[in-house]
Amino acid sequence: MDHFTYQNGVLCAEDVKVSDIVLEVGTPFYCYSTATIERHYKVLASALSGLPATICYAVKANSNQAVIRTLATLGAGADVVSDGELIRALQAGIPAHKIVFSGVGKTEAELALALEKDILQINIESVPELERLNAVAKSLRKTAPVALRINPDIDAGSHDKISTGRRGDKFGIEWPLVHEVFSHATELENIQPIGLAVHIGSQLTALKPFKSAFRKLRDMVDLLREAGHEIQRLDVGGGLGIPYDGSDVPSPSAYGKAVADTLGDLECELLFEPGRMLVGNAGILVTRVVYVKNGTARDFVIIDAAMNDLIRPSLYGARHEIIPIMEAADSEIMTTVDVVGPVCETGDTFATGLRMSPVGQDDLLALRSAGAYGAVMASTYNSRALVPEILVRGSQFAVVRERVNIDALLRHERLPNWLSAAPKA
Ligand SMILES: *Cc1c(COP(=O)(O)O)cnc(C)c1O
């Protein structure tokens, strides 16, 4: 459910005509809907209302200040994976006591920043990281609140590149070692072990792997408690998928029930780290057709957005629904096309063999469900600008990140003194 709908034949974001935004900022750009973000947050919060739950938005899905602030206003905490994200979350108004720091390779500086800011919890993924955190905490005369992220050896059944809970994946502490590492953590003077964490992957479209992982988490809680350890908090990660191609995904309430059924009676606080499910459907990427190139093998619709703006199709084979901004007059007439970007890579392809209403040069299109892992994964490959981000609220819209163009990019580059003279013509 989102708030991108046709009104009088024009695609609108809430009450704003997308074509009006194009007039102001050009193309391509990302456009986010406040009402959609709010709706997803509230649906999830109500699905978890029977549980002692804190929702820590996974900032890496979309770290725009306006998006984080929208969620902060609703009461969300944050899950961050770098010092940059920690600074973004704090600056957007997320209180430190609702911030969790995840990730396999947190540096000394990042651990120190987390301790200085007194965040809720640091999720630890290895023994060397635990030792380093202890040392950093000691030097700062602090005690670090820690959860151990376990690797439950569960296949999330998602794309290989975003499955994180299998034994050979780099994430978490292998299940058979968790007990020993937890005991070790309790012996470290500046570490306060408070619980366990798990996150088996992203874009999960079934509940079964979640349930398997939560049961393993539960088994570990039992084991640790039998050994006399106190477990107060469980972080169940993120990962619930969204219906990119209209396929079925578990509802937030079914997910909430799965958590309640497996972990609900353990008397632990629960942390949730949703990213995609909060913001994925809340964004579109708006683009213009540069050319339609008809060939003997295929017909190409070449658009002005590319893999550097939205890498999910080339990185994960992801499909984003592509729709016209001006609704087709006759929805019966269809053509089959490939929709591609202008970047010099064959992988710069958004759709192959797509059935769609015929489009012409300069027509406007939208790639749907681009709110998560879109703008945050953008690069400037081919020296293309970082595209603007727009946030809509009712009948208002605002540019929440301006275009970062070639002038801005060149400002960071320097010629060394031995190259400072311009070559002779
Ligand atoms: C990426 C990530 C999330 C968010 O995943 P989604 O699929 O966007 O919900 C949550 N927790 C951790 C540790 C992550 O790495």
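Me: Is Ser 369 buried or exposed?
Reply: In this predicted model, Ser 369 is buried, because its relative accessible area is 10% and the cut-off for buried is under 20%.

Me: Where is Ser 369 placed in the fold?
Reply: Ser 369 is in a loop, with strand 19 (364-367) on one side and strand 20 (389-393) on the other.

Me: And which side chain does Ser 369 have a polar contact with?
Reply: That of Asn 281, at 3.0 Å.

Me: Switching to the ligand. How many residues surround it, and which are the closest?
Reply: There are 14 residues around the ligand, and the closest are Lys 60, Ser 202, Glu 273, Arg 276 and Tyr 373.

Me: How does that shell divide by type?
Reply: The shell around the ligand has 6 polar, 5 charged and 3 nonpolar residues.

Me: What lies 2.6 Å from the ligand's nitrogen atom?
Reply: A polar side-chain atom of Glu 273.

Me: What about Tyr 373, which ligand atom is its polar side-chain atom 2.6 Å from?
Reply: An oxygen atom of the ligand.

Me: How much of the ligand's accessible area does the protein cover?
Reply: The ligand has 390 Å² of accessible area on its own, and the protein covers 93% of it.

Me: Which pocket is the space taken by the ligand?
Reply: The largest pocket.

Methods:
Residues are numbered from 1 along each chain as its sequence is written. This is a predicted model: local features need pLDDT of at least 70, side-chain atom pairs count only at pLDDT 80 or more; totals for chains, interfaces and linings use all residues. Side-chain values use heavy atoms; hydrogens and water are left out. A residue is near a molecule or strand if one of its heavy atoms lies within 4 Å of it. A polar contact is a pair of N or O atoms within 3.5 Å; within protein, one must be able to donate a hydrogen and the other to accept it, and residues adjacent in sequence count only if both atoms are side-chain atoms. Accessible areas come from the Shrake-Rupley method with a 1.4 Å probe; for residues, only the protein chains shown count as cover. On a 1 Å grid over the protein atoms alone, a cavity is a set of points where a 1.4 Å probe fits but cannot get out, and a pocket is an open set with protein on both sides within 12 Å along at least five of seven lines; lining residues have an atom within 4 Å of a point. A molecule sits in a cavity or pocket if more than half of its atoms lie within 2 Å of its grid points. Ala, Val, Leu, Ile, Met, Phe, Trp, Tyr, Cys and Pro count as nonpolar, Asp, Glu, Lys and Arg as charged, and the others, Gly among them, as polar. Helices (H or I, at least four residues) and strands (E, at least two) are DSSP runs, numbered from the N terminus. Buried means under 20% relative accessible area, exposed over 50%, partly exposed in between (1.4 Å probe, protein chains only).
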